[in-house]
Structures are given as C-alpha cells and as structure tokens.
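User: Hey, I've got a structure to go through today. Can you walk me through it?

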Amino acid sequence: MLEADYLVVGAGAMGMAFVDTLIAESDATVVIVDRNHAPGGHWTTAYPFVRLHQPSAYYGVNSRQLGSGAIDQSGPNAGFHELAGGAEVCAYYEAVMRRQLLPTGRVTYLPMTEYLGGGRVRTLGGDEVSVAARRTVVSHIDVVVPSMRPPAYDVAAGVECVPPNALPRLRGVYDRYVIVGAGKTAMDACVFLLRHGVDAQRLTWIKPREAWLMDRATVQPGAQFAKRALADFTAQLVAVRDATSLADLFGRLESKGSLLRIDESVEPTMYRCAIVSQGEREMLRGIEDVVRLGHVTAIEPGRVALENGVVEVDESALYVDCTADGLGDKAPVPVFDGDRITLQTVRTCQPAFSASVIGHVEAAYGDDDTRNAFCGPVPYPHVPADWLRMMLAFNRNQLQWFADPDMMAWVDGARLNILHHITAGVSERARERIIGMLGSQLHDLNDKLEALLTEV
C-alpha cells in the first residue's frame, strides 16, 4: 500500500508538466506510474529523427528550460529557434524526474508499471500495489505513433512495410519509397528521405487528405520575431471579424500567412495543429507522385488498393507506414471531477502548457467549480472547423483568466506560454495594451465564431 495526495497515471508530456507545477506550488505528495521504462511518454518510442515542430522554448515543464535558445543555422529550419530532437526530449524528461522531482522526497516514480484502475497498479515483476490517493490524474488521450501498432490495412507477404523508426537503419537502396499518410509524421518521413539524398522522383506519397498547417515563422519566441508573431495574432482576429463564411475565413487566414497548405489546388479537409517551415513546405512540394484515392485498404506485391481505386507500384518498393491517429477522437470531459483530474488542452495547440495550467489551478484554487471555469477543455483538432472550435473554447478560458489578476499574473510569467515569449520583446505598456485590446474584443469574437460554426 502506498499513500499520496495524487496518483498520476503516465509520465508523458502532460503528466510531467502537471506534476512539475503541482510540486513547485504546493506541498502535495505524488505517485507517478508509467508503463514505459523512462519518462517521456510517446517520445520513448517515436522515430529517431523526430523533432518538435514548435520551438523548444515553450515545450517541456514550466520550471526547466528545454534547449539553449539557439537559432538553427542550417537545414529547413534555418533562421528559426531550435527544435529539440527525440533523444534530447527524452534526456530532458529524465533530468526533470531525477534532478527535480525525486529529490523533493514527495514524488514516488514507478516505471514499467501498469495502471489497473481503482488505485491498483502492477509492476513488471507481477506485484500488485494499491495506491490510496485523494485524486487520480489521467491523460484524456493515449498518444499512438506508428511504431506502437501494426498498419491499419492488410499487408501481404513479400511486401516490405515499416514504421518511420526503421528509416535511419536502412542500408539498401530502393527504387521506390511509398509514404502512407497525410499528417506530420508522413511529412517528417518525406523530408528525412529528401535530406538524405533520395530524389523526389523516387517518392510516392499516398495522401488521403490535405491539411491546413501553421507557418513556423509565426510562432517564434524572442524580441527579433515579436513583430511577426503579433502581426499574425492580429491577422487571425481580423480574419474572424471580417469573414463572411467558413471558406472566406480560411481564404483570409491563408492570404495573411496564418495558415498554409502544401498543395494550393486541393481544399484541405484536415487540421491537426501541425507546424512547418517554408523550407519544409518547398521540399514537400517537390514530390509530384501524390496519390489521392482515399485511405489504403491493402498492399500486395506491385499493387495498392485504396478506398477509391487501385495503383500499380514497383514490387520492390519500400512502404513507410505513417498512419497512426495520435490524438484519437474522444469527446472532452470536465477536467476536475471529484476524485479525478483528466488532463486536456486548455489552450490551443499547447498540451504541455495546458497541463501546467491545470496543475497551478489545482494548487491555487479551492473548489472544482472555480477550477473548471479556468480550465474548460479545448477540443483536439481533426477538421478545419476545429480551428474555430479551439479558438472559441480557449477564448472562454481567457475571459476567466483576464477576470482574475492572480491567474493572469501566473499565465503572463509561465515559461510554457507561447504568448509569454512573444510579448517578452515588447514594453510593459504595449503588453498591457495588447491584453486590454484582446479582453475587450473576446465576447464579440466568440459571437462571430459561433455564427460561422452554424455552417458546419
């Protein structure tokens, strides 16, 4: 039997961010159970060449900087703030656990341990342990990456189909590389092959959908990027205010550079908060053999069956499966609910910051009604209309934050908050003007968002 104030299930990005803030701002005791051998969640099984697609400056936990703040000098991210790679992220979370959390004496960490429910856990050795805790903290989603499960389509004998994890270990040369999937993992796999000398003419990209993407230039921290970031922020507000329809809104967002797409001749039907640089986009645009016949149903030697047709492919081709739906499609639930806390995003596209906000609100406020008012779940995005749904939900949270000076002071100072980095380069007077302008417009903005969403 173990006793603690909190039982936290999972040592992934959100679990670690929650515990870091809770431990820093309270005297709570915590038991963390995790099925992996080390903290970091899906990062421990991600493909070796994976990198953050947002700057390292606002990822990780609130109390510890990730990276050195360097500007990349080469590659498709040149000129922008560094993007931590998978190994760096895993080492970072190991350091957070070993050097910050465990030394407090208030954190018990049980890796290689399965949560069975009802406060019971089972270790790798088979022992079952009961954890008596006032609250159990769980993540709303289990992030799934391609290496964690087989492809969702039939793969016949004789077909070589691998997850992206296998690409760095390739030693043979293939005449044809077939990338299956439309998301950021597929984009990363394509860029990896292109950067390592594979000609774009040897790539086939099976792409069921086109996605709206964010331009990494608009989400850079630091004074030298503040003008561009603030201009993008303003452009989004103006686009919503002036839009006459959903199609008109996305046209305005694209014309201002707030959103972009790889193929401008195809209407996007997907939005997942993916961020790319213009350099990456130009590389991906060089792939001409793009198959748009829906999802793959089966792969046989020399033949790929899809929802809307069949394509012939060289029998010796290497297939790279990038199709896992990492975020799932669970409906949001209340974050604070009796003896349970369900970690979810409360700010658009920032899960780590969101979990830190939840940790702060848990420590600083005394009742769940108040806590839930500050932490309304922001739905995970799947389709373009979710861009609006996310902004609407986050704006409602911001109105609550603006109304509480203590909450606003904490948010302003949070390292994980992207707006903290963007406004760090402006004067206090300018920052207050930005916050005041935003607060005065949120109600009208939300009314417009709701009106546009009636089209869906």
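Predicted model: local features only at pLDDT ≥ 70, side-chain atom pairs only at ≥ 80, totals over all residues.

User: Which one gives the largest share?
Analyst: H3 does, with four residues.

User: And what's the lining like by class?
Analyst: The second largest cavity has four nonpolar and three charged residues in its lining, and no polar ones.

User: Zooming out, how many cavities of 30 Å³ or more are there?
Analyst: The structure holds two.

User: What sits closest to the centre of the largest one?
Analyst: Phe233, Gln236, Arg347, Thr348 and Ile418 are the closest, out of 42 lining residues.

User: Which elements give two or more residues to that lining?
Analyst: There are helices H4 (223–242), H9 (385–402), H10, H11 (418–422) and H12 (428–453), plus strand E12 (270–276). H9 gives the most, with eight residues.

User: How do the residues of that lining divide?
Analyst: For the largest cavity, 27 are nonpolar, eleven are polar and four are charged.

User: You mentioned H10. How does it pack with H7?
Analyst: Helix H7 (residues 351–364) and helix H10 (residues 405–413) pack at an angle of about 145 degrees, and their axes are 12 Å apart. Their crossing is right-handed.

User: Which residues meet there?
Analyst: From H7 you have Phe353, Ser356, Val357, His360 and Val361, and they meet Met407, Trp410 and Val411 of H10. In that contact, six residues are nonpolar and two are polar, with no charged ones.

User: New topic: how many aromatic pairs are there?
Analyst: The count comes to twelve. One to look at is Trp43 with Tyr59.

User: Why is that pair edge-to-face?
Analyst: Because the ring planes of Trp43 and Tyr59 are at 70 degrees, and planes over 60 degrees apart count as edge-to-face. The ring centres are 6.0 Å apart.

User: Where are those two in the chain?
Analyst: Trp43 and Tyr59 are both in the loop between strand E2 (30–33) and helix H2 (86–101), 16 residues apart. The pair links distant parts of the chain.

Technical notes
Residues numbered from 1 in each chain as written. Heavy atoms only, no water. Axes fitted to C-alpha atoms, helices over the stretch in contact; angles between N-to-C directions. Left-handed = near helix turned anticlockwise from the far one by under 90°. Contact = heavy atoms within 4.5 Å. Nonpolar A, V, L, I, M, F, W, Y, C, P; charged D, E, K, R; others polar. 1 Å grid on protein atoms, 1.4 Å probe; cavity = no way out; pocket = protein on both sides within 12 Å on 5 of 7 lines; lining within 4 Å. Points joined across faces, edges and corners; volume = space filled by probe spheres on them. Phe/Tyr/Trp six-rings, centres within 6.5 Å; stacked < 30°, edge-to-face > 60°.
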